[in-house]
Amino acid sequence: MAQTKRRELPTKLRRVKRLTARERWLAVLDRFSKSIETPKSERIWAPALETASRSRILAIQQEKLRAMVPYLYEESPFYRERFRASKLTPADIRSVADLPKFPVMTKDAMAADVAENRPWGTYTPVSDKVWRERGWMVFSTSGTTAIPRSFRYTQTDARLWAITSARALYAMGVRAGDTALTCTNYNPHVFFWSLHYAFNLMKVAVVPGGVPTERRLAMIDLYRPTILAATPSYALHLAGAMRRAGIDPRASSIRMIICGGEAASGIPSTRRRIEDAWDSEMHDVYGCTEAVPGGWAYTCHEGLASSPVSTHVQEDLQIWELVDPETMEPVAPGERGLTVVTNLNSEGSPQLRFLVGDFTSFDTSRCVCGRTFARAVGGFSGRADDMLNIRGLKLFPSVIEEIVRGIESLDDEFQIVLETDGVLDAFTIVAETRVHLDDGARTEVSRRLEAEVIRKCELRPQIRIEPPGTLPRTEFKARRVIDRRHTL
Ligand SMILES: [Zn+2]
C-alpha cells in the first residue's frame, strides 16, 4: 500500500530525500543534547530541563519516544519480533500512557537472543556496519552465570555520555578544579567510564587508580585528590586499609565519595559508615549497562540533608516506570515496585521498557534543590534478582547489611551462608568484630545481631562472630551471599 502511494507521488516530491528512522532519531538526540553541553547556572547545569514543569518533562519524553520507537523497530530484529508478537506497530506506542501496551523486556529474553545470535544479539539497533564506522566502546554484563550480554555504543553515545553524566556530577557539587581518584581496573563497567568522560568534560583531573590498594593509599597522599570514586564496599575497605597503615582517612584530601555498582543510598547504615570513615559527603549513582550512556540517577547535594536520602532520575533522558513484581503491571503513583526503564538517550542501546528490577517508589514533588526530576525515595535498596528465599520467606541481603553496619562493634564485612539442613534451610550470618573482644562481649554482640535479624526479617539465623580481618575484602562488587543449598 505504501509503495503504491509512493509511485503515485509527483516526480518533484520523490526527489526530496526521506530521512531514515535512524537519521530522525539522531537529529532529535543532537537537538536536545546541544542545549546541555555546558552548565547554564552556578548550581544547576540545565535549569530549563532540570526544573521544568512535569507537563513539560512529559512533552519532551513523548517527542523523543515518537522518534525512538520507529528507530528501534526498524533497526533491531529482536524488537521488531516483539512488536509483531504483541500485535503492535510503532504507531501504537506514541505516548508515555501507551507504554504499558508493550511487554516488559527482561534480561532472560536478551540472553536467549544472544544465544541464538552470538556474540551481539539483535536487541540493539547497532549493525556491524555502524559499529565499523562509528563504534566507540563495548560494555557487557559479567557473564559469570550466563552468556554475557554485550552492548555496542557509538561515537554519538560517547558525547551524550559525557554531558549527561557531567550534569549529574554538577548536582552533587563536583566542579572544575577538583581531582578525582577512580578506584577501578580497566574493565567494561559503565560506572567508572561514565565518570571518567564526565570528569574530562568538566575539567576535573583524573588519577586512574587501577593499582593495588597500597598504591592507592600513596596516591591519595601524593596527589591529594578531592573526590574518590569507588563501590561502597571498596570505599569502606580503603578507609580501613588507611587506618591500618596509620593514616586517618578523615584527615585526607578527600571531600566527596561517589559510589556506584552496588546499592548504597538505600542502606542508611552503609551511608553513615562511609561518610564517617572519610568525613565526606557520599553521593550515589544508579543505572544499568543495558540502558546508557549516562542518564544515571544521582543524589543531589541539597538532598543529602533529607531523610531518607533520595535519588533523582534524569527524566528528560529516560522514562522510569515501576511495575508489580508478579504481574509486571504498573503500580499506582507513589507505590513501591520494580524499576523499568525506557532509554531516550542512546544510539547504541535505546531500550524500550527494560526491566532493571530494583525496588523503590517515586516522589514527583519538587526537591529541596529545586529540581523537578522524580526521586527514588530512599534510593534503590535491592535488585529483585538478589532476593533470597529462605524457608519460604523473602529476604534482601541489603537488610542484613543495614543491620550489621548499624552495630558499632561489628566491622564492615559480613557473609550470608545458606545450606541445607535436612529439609530446612540453614541460614547463617558471619560477621567480624572491629577489635578483639572477650567471650562475654562476643556473646552479647551475637545476641544483639540475632535479635535484630529476627525482629526485622522474621527469620532466626545462626550467628558466627569472627575476629577482626577474617572475612575476604572486596576490590569491586562484593559477593556476600554463599548459597550452598541443594537444588532439586
Ligand atoms: Zn534534589
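# Exercises on a predicted model

The structure holds 20 aromatic pairs, and since it is a predicted model, every value below is computed from that model.

## Exercise 1: Two aromatic pairs

Classify the pair formed by Phe83 and Phe102, then that formed by Trp136 and Trp161, and locate each residue in the chain.

**Solution.** Begin with the geometry of Phe83 and Phe102, whose ring centres lie 4.8 Å apart and whose planes make an angle of 50 degrees. Planes under 30 degrees apart would count as stacked and those over 60 as edge-to-face, and the pair of Phe83 and Phe102 is tilted. Next, find the two residues: Phe83 belongs to helix H6 (residues 77-85), while Phe102 lies in the loop between H6 and helix H7 (107-116), so that the pair links distant parts of the chain, 19 residues apart. Both Phe83 and Phe102 are buried.

Now turn to the tryptophans, where the ring centres of Trp136 and Trp161 are 5.6 Å apart and the planes stand at 65 degrees, so this pair is edge-to-face. Trp136 is part of strand S1 (residues 135-140) and Trp161 part of helix H9 (residues 155-172), and this pair, too, links distant parts of the chain, 25 residues apart. Trp136 and Trp161 are both buried.

## Exercise 2: The zinc site

Which residues are the protein donors of the zinc ion, and is the site tetrahedral or irregular?

**Solution.** First list the donors, which are Cys300, Cys367 and Cys369, each through SG, and His312 through NE2, lying 2.1 to 2.3 Å from the zinc ion. Then compare the angles with the cut-off: four donors count as tetrahedral if all angles lie between 85 and 135 degrees, and the angles among the 4 donor atoms here are 103 to 115 degrees, so the site is tetrahedral. The ideal angle for four tetrahedral donors is 109.5 degrees.

Finally, consider the sequence, in which the donor residues follow the spacing C-x11-H-x54-C-x1-C. His312 lies in strand S9 (residues 311-312) and Cys367 in the loop between strand S13 (362-363) and strand S14 (375-376), so the pair ties together parts that are 55 residues apart in sequence. Both His312 and Cys367 are buried.

## Exercise 3: The nonpolar cores

How many residues has the largest nonpolar core, and which of them have the most contacts inside it?

**Solution.** The largest nonpolar core has 82 residues, and those with the most contacts inside it are Leu169, Val174, Phe199, Ile258 and Leu352. The largest share of this core, 10 residues, comes from H9. Taking Phe199 as an example, and leaving out residues up to four places away in sequence, one finds that Phe199 touches Leu169, Val174, Ala180, Thr182, Val204, Val206, Ile227 and Ile258.

## Exercise 4: A glycine in a loop

Is Gly209 buried or exposed, and where does Gly209 lie?

**Solution.** Gly209 has a relative accessibility of 1% and therefore counts as buried, the cut-off being under 20%. Gly209 is found in the loop between strand S4 (205-208) and helix H11 (213-223). Not counting residues up to four places away in sequence, Gly209 touches Leu181, Thr182, Cys183, Thr184, Arg216 and Met219.

Notes. Residues are numbered from 1 along each chain as its sequence is written. This is a predicted model: local features need pLDDT of at least 70, side-chain atom pairs count only at pLDDT 80 or more; totals for chains, interfaces and linings use all residues. Side-chain values use heavy atoms; hydrogens and water are left out. Donors are N, O and S atoms within 2.8 Å of the metal (3.2 Å for Na, K and Ca); water is not among the atoms, so sites may look incomplete. Four donors count as tetrahedral if all angles lie between 85 and 135 degrees; four count as square planar and six as octahedral if opposite donors are over 155 degrees apart and all others between 65 and 115; anything else is irregular. Helices (H or I, at least four residues) and strands (E, at least two) are DSSP runs, numbered from the N terminus. Buried means under 20% relative accessible area, exposed over 50%, partly exposed in between (1.4 Å probe, protein chains only). Rings of Phe, Tyr and Trp (its six-membered ring) pair if their centres lie within 6.5 Å; planes under 30 degrees apart count as stacked, over 60 as edge-to-face and the rest as tilted. A nonpolar core is a set of buried Ala, Val, Leu, Ile, Met, Phe, Trp, Tyr and Cys residues joined through side-chain atoms within 4.5 Å. Contact means heavy atoms within 4.5 Å.
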